[in-house]
Amino acid sequence: MTFDLEYNSARPLMIIPEYGRHIQKLVDHCVALESKEERDKMAKAIVDVMGNLQPHLRDVPDFKHKLWDQLYIMSDFKLDAESPYPIPSREELQEKPESLPYPKYASKYRYYGNNIQTMIDVALSWEDGDKKEALVFTIANHMKKCYLNWNKDTVDDAVIFNHLYDLSDGKFDLRNSEEELSESKNLLRKRNSQGQNNTKTVHKKPHHNNQHKNRKR
């Protein structure tokens, strides 16, 4: 008696390997059926088996729709059977997604991040007054803190004011302002204190040895 061994290298590639080769063979057999009624019946049975093999899909919205789409994909879109959902097409599957816009940084001052530019844009939309002036100085102080995170040394207020003037397209001009920003050491102290508060300290309980001393009578 001789046995013909079937090697994986000689088998056709599986379109969705997660379901295994037996499911792929069932799909191929379903495609080859001549009767439309038999194909519909077998397609529903295959979808039920696929659902049992992938139980995590039960938590996915419209998981039955996903299973039917995978069935048509595994048949190489050759299956002619009734589906309760719209039948996917090869063109829809191979369609390239739209390219996402590359994130824009805050001009050449990348160490400030994108949020600074957003804050500046919001401040520009406010009406002139004490609140807007306070917001501008708050933004300048945050810029100084971001700069210290990058430089880790010190920075003159004039540098921050020049950068704020540049990022606001000349709308916020504090270059001749007599008010000063927070001192660098205070900003660094706040940063260090926040880092220390985030670290958890583990206190070990003292170990008590309860020893009973033998008393001599």
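Is Lys-132 buried or exposed in this predicted model? Lys-132 is buried, because its relative accessible area is 12% and buried means under 20% relative accessible area.

**View 1. Lys-132 and Asp-128 are joined by a salt bridge.** The side chains of these two residues meet at 3.1 Å, taken from N to O. The two partners can be described by their accessibility: Lys-132 is buried at 12%, whereas Asp-128 counts as exposed with a relative accessibility of 71%. Side chains of opposite charge can pair when their charged atoms come close.

View 2. Because Asp-80 lies in the loop between helix 3 (63-74) and helix 4 (90-94) while Arg-39 lies in helix 2, the pair ties together parts that are 41 residues apart in sequence. Arg-39 is buried, with a relative accessible area of 10%, and Asp-80 counts as partly exposed at 45%. When neighbours within four places in sequence are left aside, the residues in contact with Arg-39 are Cys-30, Val-31, Leu-33, Glu-34, Asp-80 and Ala-81.

**View 3. Further salt bridges involve Asp-76 with Lys-78, and a network of Lys-36, Asp-40 and Glu-82.** The side chains of Asp-76 and Lys-78 meet at 4.0 Å, N to O; Asp-76 is partly exposed, with 27% relative accessibility, and Lys-78 is exposed, with 59%. In the network, salt bridges link Lys-36, Asp-40 and Glu-82. A search of the whole structure finds 9 salt bridges.

**View 4. Four acidic residues form a negative surface patch.** The patch is made up of Asp-130, Glu-133, Glu-178 and Glu-179. Asp-130 belongs to helix 6, which covers residues 130-151, and this residue is exposed, having a relative accessible area of 67%.

**View 5. Asn-151 of helix 6 is shown together with Tyr-111.** Asn-151 has its place in helix 6 and counts as partly exposed, with a relative accessibility of 32%. Although Asn-151 and Tyr-111 are 40 residues apart in sequence, their C-alpha atoms are 9.4 Å apart in space.

Notes. Residues numbered from 1 in each chain as written. Predicted model: local features only at pLDDT ≥ 70, side-chain atom pairs only at ≥ 80, totals over all residues. Heavy atoms only, no water. Patch = residues over 30% accessible without salt bridge, like charges linked within 9 Å, V, L, I, M, F, W, Y side chains within 5 Å. Areas by Shrake-Rupley, 256 points an atom, 1.4 Å probe, with all protein chains shown as cover. Lys, Arg positive; Asp, Glu negative; His and termini not counted. Charge placed at Lys NZ, Arg CZ, Asp CG, Glu CD. Helix = DSSP H or I, 4+ residues; strand = E, 2+ residues; numbered from the N terminus. Buried < 20%, exposed > 50% of the residue type's maximum accessible area, 1.4 Å probe, protein only. Contact = heavy atoms within 4.5 Å.
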